[in-house]
Amino acid sequence: MDRHPGDADPQDADWIFASDDPRTLPTDRLPDRAEFDRYSAPLLAEREERRAAARPAPASYARSGTTPNAEHDELPALGFTVPARFADLGIFDALRDVIALVCLSAAMTTTFTAAPGHWLAGLAPWAIGLALVSLVVVLLVRWLPPDPPLAAVRSVRVIGLAPALLVGLLALLVDLVSSLPVLFASLPEGPPVGIGVGVALLLLGAIIGIEPRAHEGYLPQARARRTARLILVGVGVAAAALLLLALVMLIGRLFTTGWGYSLVTFADTLVSALLLGIVLASALLRERSWFVFSTAVTAGLVLAALADNSLRLQFAAPTSVATGYVYLPLLFIAFGVMISRSFVRTMPVTFRRTDWLVYTVRAFEFSAVMHVAAVVWHLLTAIAAPTGQAPGGVAIHLIDAGVCACLAAISLFARHTLLTRPAGPARSTGVIAGLALVVIGFLDVIVNSLALGAGAGLVTGGLAVASGIAAALMLTVPSPVRDEHGAPDLARMFADFRHRDGGRVSLLSLVPDVTVETARRKNFPGA
């Protein structure tokens, strides 16, 4: 075949062969295997020499200054070398021990029961102290001896944390039994027992701390995984039973305490049951993206509960079966089980590429659902405001209802944009929607803090602030959205995300894009 007269490269005249062809093969017949081996040996050796001499340039991740993808679940370098004896210590097991220590310590300093001088309040410090001492002993015995007795370490962990778990469950049982005789009474002096945030933190710390760790030789088997799921089912049954009991109590209180109290308490119960239902459903239905986001939401509530003494949050105020819906201890029990190794091993979770877009959509969906519930709460509270049973006046609740409706509309619009619009506009619109949630929610926090108190301000506007910050960060910062070259391939990422979210591929997506090829000017051969 004749070469093109414009080609200046003297090689590849015989275009069938490579440019570095030694031209030792016959061209009039097919070579045999020995001839081909002799022909290819110097070519392969030269290619390996060139590959060994090269130093590939590192990929640039300068867009946000973060690390590349963790494609094989590797952990980033911490900047220091971990001693060899701690090689078996996993970061998540260590984090669980820290959470257990913090929650147990906070349970001793926060409100445990509403009734002053109750015997449960005197029993709790002993159980918490034993749990804290047991955790410290477990850590010392595991890491100080050169050959630690792992079986004894696991036994000490379970035996030392069991009393704290039993005391927390006993507080729930005693409150339930003590509340039944006065379920329809007006209760001018408050509930007979009352469940404070200390009970919820005690249960959470005990559940997280009682499970043996991987560095203690424990591997959850099928029985442990089934037990974790059964505990979540039991929490769901208990939540449904307490919800039914709360509704019966509200109907009875119509005749003893007044319709204003029942209406406000029903509004609180509606929001609490919705939040608890979302978290439990995400775990029991094994929906991975909702599981991750629900766990993150509950973790935020745990952080707020730890600061209950200083922030005086409304959700962490002492509750009782006799006065409303007891949901916070159940929520924290579910959270403790959901982050246990026995349950996490049954829930495959990833944080790559399209996962961050899925979590962003879940953030906007959660914001929309909870803000719609907030609209209902404000409307019911505005109706009950003239009776004196609701915080604030009618005007502030009607304004808040309008603000929450706007926040729900922004969340739904951002979700629709991420699912339908092109990648670039969808990403920018999602970031703008997140910033709008932050600004409006922050202003709502200020207004409600001045009008209704600090706790009300954090509850009504804090959700918008947290959701907006989370969505904006997930759309802009995390490195797992990058492709193999280190640059964000938004079009491919959004295409994968929509295929995963919708479950089907459009026929148009199978048609190749020939726009660039058809627009390119081509010369006739030989011209």
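Arginine 286 counts as partly exposed, at 38% relative accessibility (buried means under 20% relative accessible area, exposed over 50%, and partly exposed in between, with a 1.4 Å probe and protein chains only). This arginine sits in the loop between H7 and helix H8 (288-306), and has a positive phi of about 60 degrees although it is not a glycine. Most residues other than glycine have a negative phi.

The model is predicted, so local features need pLDDT of at least 70 and side-chain atom pairs count only at pLDDT 80 or more, while totals for chains, interfaces and linings use all residues. Residues are numbered from 1 along each chain as its sequence is written, and side-chain values use heavy atoms, with hydrogens and water left out.

**Overall picture**

- The protein has 17 helices and 0 strands; these are DSSP runs numbered from the N terminus, helices being H or I with at least four residues and strands E with at least two.
- Of its 527 residues, 41% count as buried.
- Among contacts with a separation of 6 or more, 79% come from residues 24 or more positions apart; contact means heavy atoms within 4.5 Å.
- The protein exposes about 27,900 Å², and carbon and sulfur atoms supply 68% of that area (Shrake-Rupley method with a 1.4 Å probe; for residues, only the protein chains shown count as cover).

- Helix H7 (residues 259-284) has 26 residues and reaches 36 Å from its first C-alpha to its last, close to the 38 Å expected at 1.5 Å a residue; the expected span is 1.5 Å times one less than the number of residues.
- Arginine 286, with its positive phi, comes just after H7.
- Further along, threonine 295 is found in helix H8 and is buried, with a relative accessible area of 14%.
- Leaving aside neighbours within four places in sequence, threonine 295 is in contact with Phe335, Met338 and Ile339.
- Aspartate 308 has its place in helix H9 (residues 308-311) and is buried too, with a relative accessible area of 9%.

**Nonpolar cores and a surface patch**

- The largest nonpolar core has 77 residues, and Leu331 and Phe332 touch the most other members; such a core is a set of buried Ala, Val, Leu, Ile, Met, Phe, Trp, Tyr and Cys residues joined through side-chain atoms within 4.5 Å.
- Helix H5 (residues 197-210) gives the most to this core, with 10 residues.
- Beyond its neighbours within four places in sequence, phenylalanine 332 is in contact with Ala200, Leu201, Leu204, Leu301, Val302 and Ala305.
- A second, separate core has 19 residues, including Leu437, Ala471, Met493 and Phe494.
- On the surface, Ile91, Phe92, Leu95, Val98 and Val102 form a nonpolar patch with about 470 Å² of accessible area together. Patches are made of residues with over 30% relative accessible area and no salt bridge, like charges being joined within 9 Å and nonpolar side chains (Val, Leu, Ile, Met, Phe, Trp, Tyr) within 5 Å.
- Phenylalanine 92, one of the patch residues, lies in helix H2 (residues 91-109) and counts as exposed at 56% relative accessibility.

**Salt bridges**

- A search of the whole structure finds 6 salt bridges, each a side-chain nitrogen of Lys or Arg within 4 Å of a carboxyl oxygen of Asp or Glu.
- Aspartate 97 pairs with arginine 213, the closest N and O atoms being 2.9 Å apart. Aspartate 97 lies in helix H2 and arginine 213 in the loop between H5 and helix H6 (222-256), so the pair ties together parts that are 116 residues apart in sequence.
- Aspartate 97 counts as buried at 7% relative accessibility, and arginine 213 does so at 1%.
- Asp97, Arg157, Arg213 and Glu216 are linked in a network of salt bridges.
- Glutamate 365 and arginine 362 meet in a salt bridge (3.0 Å, N to O). The two are 3 residues apart in helix H12 (residues 354-384), so about one helical turn separates them.
- Glutamate 365 is buried at 14% relative accessibility, and arginine 362 is buried at 9%.
- Glutamate 365 also forms a salt bridge with arginine 415, with the closest N and O atoms 2.6 Å apart. This pair links distant parts of the chain, 50 residues apart: glutamate 365 in helix H12 and arginine 415 in helix H13 (residues 394-420).
- Arginine 415 counts as partly exposed, at 30% relative accessibility.
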